[in-house]
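Dear colleague,

Please find below the structure that I am handing over to you. My findings follow directly after it.

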Amino acid sequence: MKKYLSILLSVVLAFSVLTGCGGSGNKSRVKKGDADTLVVANDSDAVSLDPMGTNDNASSKVLVQLYEGLFEFDKDSKIVPLLAESYEQTSDTDYVFHLKKGVKFHNGDEMKASDVVFSLKRACEAPNVKHLFNTIEEDSIKAEDDYTVSLSLKFPFKGVLDSFAHPGGSILCQKVVEAAGDNYGTSTDVVCGTGPFKLDEWSKSNAIKMSRFEDYHGDKAAMAKLEIKIIPEPTNRLVELQTGGADIAYELQPMDVEKVEKDENLVMNKSLDYGTTYLGFNVQRKPFDNPKVREAIAYAIDMPGIIPKVWLGLGKVASNSMPGTLKYSIGDTTQPKERDVEKAKQLLAEAGYPDGFDTTISTNERKQRVDMATIIKEQLKDVGINVTINVMEWSAYNDLLKNGQQDMFEIAWIADTPDPDSFLFPCFHSSAKGEGGNYCFVEDSEMDKLLEDARKEQDETKRGELYKAAQEMILNEQYWIPQYWSELTVGTSKDVEGFEMNPFGFYKLSKVKINAAK
């Protein structure tokens, strides 16, 4: 184990030294390009610009600029009205929403209650986000007049209003979506929201360009234009930030954090999120349908030793499926497994694989995930498991997971809302298999009942007990191996004002501006 970590650390340090030679240090940083354009460097392109057509972080970073829901989250992750001016809860299950008048879509049409009804019904049916809205009686969603919408829940659920602040609850222009059909969200011509920016150009795998929506119903965007550059290579994102090619750089790597912190022209922003990075198993595929095989792999890997070396002090080792940042997490009472090669071999023998087997670990191109897979591959050799690593571009990787074509895989899940339901239900309920977020393809009636009962429970203590039981079951069944509770990293120019982090990992940028006089 030490040999593998030493090799990896040597490579990381050597690379850090090499890239450090070209760093900006305290040199003057001059913004490149149009002074009225806010430029952001991101690691991955959007999968879709249809808010109900995807539920990935790269897409959400764009969607929240173009679209809005009935509510939004404030800086404390509490919901506040947005397109809904106000609302009434007339019973435990009945709600009435009063819409803001005069809200324009990007095509100039006024938003009406019919658009809200259309959008929410669409969200209830969309595989990627329906877990957020399937507590709603779809047929109950009605327009009482042009600015009033009512709906009923199947049962009382405290987390439902949070769902309306998620990108999947965005309000769309019914006319535009119906005209575009299956093509909605695929190009500049078929994207129409109410957000502070409107889409100008989507050069796939290259850049997404937006401009200020002058008829926006609230405070207009501080910058005239917004460009999100797609730069998969982390070193290149840092260089863009250092040299003025980008004003903001997302997903900065651990070895680059110190460089940003030491650069007087830059600001390092960090925040814990609502997510867990994990090594998952497709439990519908042999041999991962056997819990002893999954447990054996957990014992064969030295997760507490790997994480600090790969993430270089950011975040911490995960000991539980659900992160401690979410309510009802038992992460503060659990411990990650210590490596035990002999126990792993014993479990494999009991499962009928005394000589191990051949398999794959799939991952996207993010460096830490590839590094994790590389070390895991070497460690699993010690118990006879031969691994091939499958590294894929983000969109193709999403398709692989949703279609159940993976064996083992490296991924993270970030809760869609502050409510724990948005973490555990999509990841482990059988109705969410594939596109819904259950990439392990777990199908267990006991787990389903725990998660369903927790949704319905109104007593906070009893709800917490149900979620505790669900988390304990996940650990016992070893559906996945928790790896890392992450710390989000965003670098900005010192001239950037108004940028705010949040635990979701996608950030609204309409209030951000560049003050070159700083």
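**Findings: T276 and its surroundings**

The side chains of T276 and W485 are joined by a polar contact of 3.1 Å (a polar contact is a pair of N or O atoms within 3.5 Å; within protein, one must be able to donate a hydrogen and the other to accept it, and residues adjacent in sequence count only if both atoms are side-chain atoms). Please note that this is a predicted model, in which local features need pLDDT of at least 70 and side-chain atom pairs count only at pLDDT 80 or more, while totals for chains, interfaces and linings use all residues. Residues are numbered from 1 along each chain as its sequence is written, and side-chain values use heavy atoms, with hydrogens and water left out.

T276 belongs to strand 13 (residues 275-281); helices (H or I, at least four residues) and strands (E, at least two) are DSSP runs, numbered from the N terminus. T276 counts as buried because its relative accessibility is 0% (buried means under 20% relative accessible area, exposed over 50%, partly exposed in between, with a 1.4 Å probe and protein chains only). A polar atom of the T276 side chain also lies 2.7 Å from the backbone oxygen of S321. Not counting residues up to four places away in sequence, the residues that T276 touches include N320, S321, I411, F423 and W485, where contact means heavy atoms within 4.5 Å.

**K327**

K327 is placed in the loop between strand 14 (316-317) and helix 11 (341-350). With a relative accessible area of 46%, K327 is partly exposed. Leaving aside neighbours within four places in sequence, K327 is in contact with M322, P420 and E460. The side chains of K327 and E460 form a polar contact of 3.0 Å. The C-alpha atoms of K327 and M223 are separated by 36 Å, the two residues being 104 residues apart along the chain.

**Helix 14 and its partners**

The axes of helix 14 (residues 421-428) and helix 15 (residues 445-456) come within 10 Å and cross at roughly 155 degrees. Axes are lines fitted to C-alpha atoms, for helices over the stretch in contact, and angles run from 0 to 180 degrees between N-to-C directions. Helix 14 is therefore roughly antiparallel to helix 15 (angles under 35 degrees count as roughly parallel, over 145 as roughly antiparallel, 65 to 115 as roughly perpendicular and the rest as oblique). D421, L424, F425 and F428 of helix 14 make this contact with M447, D448, L451 and R455 of helix 15.

The axes of helix 14 and helix 16 (residues 460-477) come within 12 Å, crossing at roughly 40 degrees. These two helices, helix 14 and helix 16, are therefore oblique to each other. On the helix 14 side, D421, L424 and F428 meet R463, Y467, Q471 and I474 of helix 16.

**Helix 13**

In helix 13 (residues 394-402), the buried residues are W394, Y397, N398, L400, L401 and K402. They pack against helix 2 (57-66), strand 15 (357-364), helix 12 (367-380), strand 16 (385-392) and strand 17 (408-414). The N-terminal end of helix 13 is capped by E393, with a side-chain oxygen 2.9 Å from the backbone nitrogen of S395. After helix 13 comes G404, which has a positive phi, near 70 degrees.
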